[in-house]
Amino acid sequence: MLIYLLFVFIFSYVGLPAEFAMGRRAHTGTLGAYEGAWATRGKAAGKVGGILGWLRLAGSLCIAIGYAVIVTYILKALIDSLVGTLMTADAAAWFGEFSSSAFSVVPYHVIVVAGTLLTLYLGAHSIEKTNKVMMPLFFLRRYRVTEV
């Protein structure tokens with residue numbers, strides 16, 4: 001755990017601000033920022049930087065896919081707890097039931113992906129508005145579960 005916390009600290013205070021600074025200076029996204037940074041070493045290096053930017057983008061996409069599945073399960077749990085089926089069921093049996101039946105979480109996943117795409121389509125301001133709604137809902141849901 002200490003090694004994990006060390007890397008979180010290093011990334012938070014060194015890596016993340018450096019990445020923000022690169023993006024602000026380049027006035028572009030991931031691909032353009034990496035290509036521009038490496039292009040200072042020559043034209044061929046700029047092409048290498050563009051390839052590295054694609055690797056970074058692909059990694060972010062893979063992480064986003066994983067989080068979409070987790071958020072889908074959380075949405076399913078939220079709805080089942082609001083309906084009352086989760087509160088009366090054994091948690092392991094509940095999870096085993098919907099995770100073993102084919103396509104049982106697809107409607108929830110469609111909702112998560114559609115919400116994410118809508119938020120991304122509307123831009124950074126919609127992300128802030130979405131967080132202003134979702135974060136209080138998270139705490140309300142948490143409070144309601146611990147109260148019962």
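Trainee: Quick one to start. Which residue follows α3?
Mentor: G84 does. Its phi is positive, near 110 degrees. A helix here is a DSSP run of H or I with at least four residues, while a strand is a run of E with at least two, and both are numbered from the N terminus.

Trainee: Before I go on, what kind of model is this?
Mentor: This is a predicted model: local features need pLDDT of at least 70, side-chain atom pairs count only at pLDDT 80 or more, and totals for chains, interfaces and linings use all residues. Residues are numbered from 1 along each chain as its sequence is written, and side-chain values use heavy atoms, with hydrogens and water left out.

Trainee: Back to α3. How far apart are its end C-alpha atoms?
Mentor: They are 60 Å apart. The helix covers residues 43–83, which makes 41 residues. At 1.5 Å a residue the span should be 60 Å, so the two agree. The expected span is 1.5 Å times one less than the number of residues.

Trainee: Which residues of α3 are buried?
Mentor: Among them are A45, G46, G49, G50 and G53. Further along, the list includes A68, T72, L75, D80 and S81. Buried means under 20% relative accessible area, exposed means over 50%, and partly exposed lies in between, with a 1.4 Å probe and protein chains only.

Trainee: Take D80. What does it touch?
Mentor: D80 touches T85, L86, W94 and Y108, leaving out residues up to four places away in sequence. Contact means heavy atoms within 4.5 Å. D80 sits in helix α3. Its relative accessibility is 9%, so D80 counts as buried.

Trainee: And S81, what does its side chain reach?
Mentor: The S81 side chain reaches the backbone oxygen of L78 at 2.8 Å. A polar contact is a pair of N or O atoms within 3.5 Å; within protein, one must be able to donate a hydrogen and the other to accept it, and residues adjacent in sequence count only if both atoms are side-chain atoms. S81 is also in α3. It has a relative accessible area of 4%, so it is buried.

Trainee: Switching to H109. Which residues is it in contact with?
Mentor: H109 meets A68, V69 and T72, with neighbours within four places in sequence set aside. H109 lies in helix α6. It is partly exposed, at 29% relative accessible area.

Trainee: How far is H109 from D80?
Mentor: Their C-alpha atoms are separated by 15 Å. Along the chain they are 29 residues apart.

Trainee: New topic, α1 and α2. At what angle do their axes cross?
Mentor: Roughly 85 degrees. The axes come within 9 Å. Axes are lines fitted to C-alpha atoms, for helices over the stretch in contact, and angles run from 0 to 180 degrees between N-to-C directions. The two helices are therefore roughly perpendicular. Angles of 65 to 115 degrees count that way; under 35 is roughly parallel, over 145 roughly antiparallel, and the rest oblique.

Trainee: Which residues meet there?
Mentor: From α1, E19, M22 and A26. From α2, A33, Y34 and A37. By class, that contact has five nonpolar, no polar and one charged residues. Ala, Val, Leu, Ile, Met, Phe, Trp, Tyr, Cys and Pro count as nonpolar, Asp, Glu, Lys and Arg as charged, and the others, Gly among them, as polar.

Trainee: Where is H27?
Mentor: H27 is in the loop between α1 and α2. Its phi is near 55 degrees, a positive value in a residue other than glycine.

Trainee: Is H27 buried or exposed?
Mentor: Exposed, at 73% relative accessibility.

Trainee: And where is F103?
Mentor: F103 lies in the loop between α5 (91–100) and α6 (106–122). Its phi is positive too, near 60 degrees. F103 is exposed, with a relative accessible area of 69%.

Trainee: Last one. Which helix holds H125?
Mentor: Helix α7, residues 124–147. H125 is exposed at 60% relative accessible area. H125 and V48 are 33 Å apart in space, C-alpha to C-alpha, and 77 residues apart in sequence.
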